[in-house]
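Thanks for coming. I will go through one structure today, beginning with a term that I need for the contacts.

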Amino acid sequence: MITRDLAPAVRAALAHYPIVTITGPRQAGKTTLAKAEMDKPYVNLEAPDTRRFASEDPRGFLSRYGEGAILDEVQQAPELLSYLQVDVDARAGTPRALGRWVLTGSHQPHLRQALSQSLAGRTALLHLMPPSLGELARWRNHHALDHLLVAGSYPRLHDARIPAHQFHADYVGTYLERDVRQILRVNDLGQFQRFLGFFAGRHAQIMNYSQVAADVGIDQTTAKAWCDVLEASHIAMPLRPWYANIGKRLAKSPKWYLTDSGLAAHLIGITSPRHLATHPHRGHLFEGLVVCEALKIIAHHGSPARCHVYSTQREEVDLLVEANGKALAVEIKSGATVASDWFRNLDAVATIPQTGVDTCMVVYGGDDEQHRSKGHICPWWLFPLRLCEWLRKQDALPSASDLMDLEARLRATFAPAP
């Protein structure tokens, strides 16, 4: 087990709320984190008999845990949340009121609806993604870039040293297909499997729903609904374009990313680093790794920063990180050799006052760090550190984060041997 960056936020939330809810994809480490931070009974609501007890007799079920408990996959018994509201309201203002329950959940639509109805103001809502590069570095297992892109970062894969192709095949069959079938009642599983493949083929690209629908043999409404379910299950996420007009940000088509590069590689059919080296999707997988790294750092540190893609008819910047009126513009290049034109789009966006860009950065697949007049050339494995430094400068990163330790871990794990 490794220490997760979200742990301080969990401890702080337990000190201020009666309930802490941790959402995130299956196998991201929610249960392990909850057990590490809360010394209370653990209850898995995936077990049919336990779920039946909780659903049929919620008062009797909760009475077994007078001091609270960890309720895993609570979306399986959403009716419990109304009774949890009664439990915490009855103890409001007493020494036993805070830090009573930790809830975990993977199906965001079920869980969010029930939380908003029953536990508004009574629970902290935290989001755990698969480990970031800085968290992976706590295992101190060296990772070459292509190996990491194929393996991804799910904790069990690295902790138990499971072969990547086996882990991802099991993950798709055991969790993803089952969960989606529960939500959507998908009858033709083969059709949904084809959709997953086409979706992965558009990883790190703007989604053309009509084209995906035509390729899979479904209608456009179904294609959009299935994309929404992947987002709701934390398997994929949209990155919306930046516009000064907030309404336009919501109206324009987003780029879509699977939250784990290894899962994306598996769904595309990439099974080994050697296979990846010359694959046409390598650049998209690399871009997804960097974008998701930014999203992980923001989520796990509780940062108020937001991420967008900057896109016009003439130029595109892969990632725009906004925090407190300033923006970091990031161009992402998978190549290991710096090219002279990599700053062209960054130069354009930096001249637009509304963006608030104060720093330009190119994150690339090489290992040499360079500080140039136009901006910063950053190796992929140092990006977490440089992003955290920028966030701290904008007062958008908790001061407790130890950046010296982060740098030491990143260099020990990912830097090339001298």
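Contact here means heavy atoms within 4.5 Å. Before I use it: this is a predicted model, where local features need pLDDT of at least 70, side-chain atom pairs count only at pLDDT 80 or more, and totals for chains, interfaces and linings use all residues. Residues are numbered from 1 along each chain as its sequence is written, and side-chain values use heavy atoms, with hydrogens and water left out.

Let me start with Asp87. Leaving aside neighbours within four places in sequence, Asp87 is in contact with Arg100 and Trp101. The residue sits in helix H5, residues 80–90; helices (H or I, at least four residues) and strands (E, at least two) are DSSP runs, numbered from the N terminus. Is Asp87 buried or exposed? At 13% relative accessibility, Asp87 counts as buried, where buried means under 20% relative accessible area, exposed over 50%, and partly exposed in between, with a 1.4 Å probe and protein chains only. The Asp87 side chain also makes a polar contact with the side chain of Arg91, at 2.8 Å. A polar contact is a pair of N or O atoms within 3.5 Å; within protein, one must be able to donate a hydrogen and the other to accept it, and residues adjacent in sequence count only if both atoms are side-chain atoms.

Next, strand S1, residues 19–23. Five of its five residues are buried, so S1 is largely enclosed by the rest of the structure. Ile19, Thr21 and Thr23 cover one side, Val20 and Ile22 the other. Two strands pair if DSSP finds at least two bridges between them. S1 runs parallel to strand S4 (residues 101–105), joined by five bridges, and pairs in the parallel sense with strand S5 (residues 123–127), also over five bridges. Take Val20: opposite it in S4 stands Val102, and its bridge partner in S5 is Ala124.

Now the core. A nonpolar core is a set of buried Ala, Val, Leu, Ile, Met, Phe, Trp, Tyr and Cys residues joined through side-chain atoms within 4.5 Å. The largest one has 88 residues, and Phe195, Val321, Trp380, Phe383 and Leu391 touch the most other members. Helix H17 (residues 282–300) gives the largest share, ten residues. Another core, of 18 residues, lies apart from it, and includes Tyr65, Ala69, Ala77 and Leu81. Beyond four places in sequence, the contacts of Phe383 include Val290, Leu319, Met361 and Cys378.

Last, the rings. There are 13 aromatic pairs. Rings of Phe, Tyr and Trp (its six-membered ring) pair if their centres lie within 6.5 Å; planes under 30 degrees apart count as stacked, over 60 as edge-to-face and the rest as tilted. Tyr154 and Tyr171 form a tilted pair, 4.8 Å centre to centre with 40° between the planes. Tyr154 lies in the loop between helix H8 (145–151) and helix H9 (155–159) and Tyr171 in helix H10 (residues 164–184), so the pair ties together parts 17 residues apart in sequence. Both Tyr154 and Tyr171 are buried. The ring centres of Trp242 and Tyr310 are 6.1 Å apart and their planes at 35°, so this pair is tilted. Trp242 is buried at 7% relative accessibility, and Tyr310 is buried at 6%. Finally, one aromatic cluster is formed by Phe192, Phe195, Phe199, Trp226 and Trp256.
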